[in-house]
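Visitor: Hi, I have a structure open and some questions. Can we go through it together?
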Amino acid sequence: MSKRLSAVFLSIALMVAAPLAAQAQTVRIAALGDSLTQGYGLLAHEGFTAQLQDWLDAQGIAATIVNAGVSGDTTSGGLSRVDWTLTDDIDAMIVALGGNDVLRGIPPELARSNLDAIMAAGKAKGVPMMIVGISVPSNYGQDYKATFETIYPDLAEKYDALYFESFLKPLTDLGDMSKTITTHIQADGIHPNARGVSVIVEAMGPMVAELAARATP
């Protein structure tokens with residue numbers, strides 16, 4: 001083979017290898033959660049994982065968000081599917097569960113045990129993690145509220161995970177909740193609309209970017 005042909009084949013090989021190398025460096029992040037993660041009541045492109053993906057793309061961050069949200073899921077449900085969520089191609093995990101436990105009055109001790117086991121599964125897989133807490137209403141008393149809310153920072157410290165205080169905190173931080181409910185929340189009064197999701201993503205995005213950096217080889 002002539003030197004000229006060899007040079008041509010080498011150039012072609014490099015052109016093929018470059019995008020493959022870039023693809024290999026893209027990290028896959030599983031977002032294990034409930035309806036807030038799944039995108040309940042929204043079009044596919046309006047949901048949390050879709051808008052988070054758009055945010056990461058706009059920042060030039062090589063990460064792919066995998067929607068592992070199931071509407072109505074509890075920490076028990078999340079635990080039951082964490083093993084098959086953490087497939088070999090998953091490089092990091094966001095854990096955003098617990099809201100439905102509170103709605104059902106599930107004991108904080110059970111929720112903690114489930115979340116601990118979920119985080120342990122992530123540690124066993126060697127993936128960096130981020131855990132998203134919740135703001136618990138005082139319906140069940142202050143002890144229940146305090147005990148439940150401390151689960152998340154405790155587990156973040158235990159597993160050296162990133163900790164985002166509350167999925168809906170970016171919306172409560174807007175101030176006038178009566179106005180926010182009409183402008184950023186769906187008619188059910190619980191789930192954020194597309195505008196509300198965008199506020200959450202803007203607040204959470206930088207921490208997800210940090211999670212992606214932790215997962216980058």
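Visitor: Which residues in α7 meet which in α8?
Guide: Thr 147, Phe 148 and Glu 149 in α7 meet Ile 151, Tyr 152 and Pro 153 in α8. Contact means heavy atoms within 4.5 Å. Helices (H or I, at least four residues) and strands (E, at least two) are DSSP runs, numbered from the N terminus.
Visitor: How do those residues divide by class?
Guide: The contact of α7 with α8 has 4 nonpolar, 1 polar and 1 charged. Ala, Val, Leu, Ile, Met, Phe, Trp, Tyr, Cys and Pro count as nonpolar, Asp, Glu, Lys and Arg as charged, and the others, Gly among them, as polar.
Visitor: What should I know about the model itself?
Guide: This is a predicted model: local features need pLDDT of at least 70, side-chain atom pairs count only at pLDDT 80 or more, and totals for chains, interfaces and linings use all residues. Residues are numbered from 1 along each chain as its sequence is written, and side-chain values use heavy atoms, with hydrogens and water left out.
Visitor: Back to helices. At what angle do α6 and α8 cross?
Guide: Roughly 25°, and the axes of α6 (residues 108–125) and α8 come within 11 Å. Axes are lines fitted to C-alpha atoms, for helices over the stretch in contact, and angles run from 0 to 180 degrees between N-to-C directions.
Visitor: New topic. Which residues of the largest nonpolar core touch the most other members?
Guide: Ile 29, Ile 94, Met 130, Met 204 and Val 208, out of 30 residues. A nonpolar core is a set of buried Ala, Val, Leu, Ile, Met, Phe, Trp, Tyr and Cys residues joined through side-chain atoms within 4.5 Å. Buried means under 20% relative accessible area, exposed over 50%, partly exposed in between (1.4 Å probe, protein chains only).
Visitor: Which element gives the largest share of this core?
Guide: α11, with 9 residues.
Visitor: And Gln 186, buried or exposed?
Guide: Gln 186 counts as buried, because its relative accessibility is 15%. Gln 186 is found in the loop between α10 (177–184) and α11.
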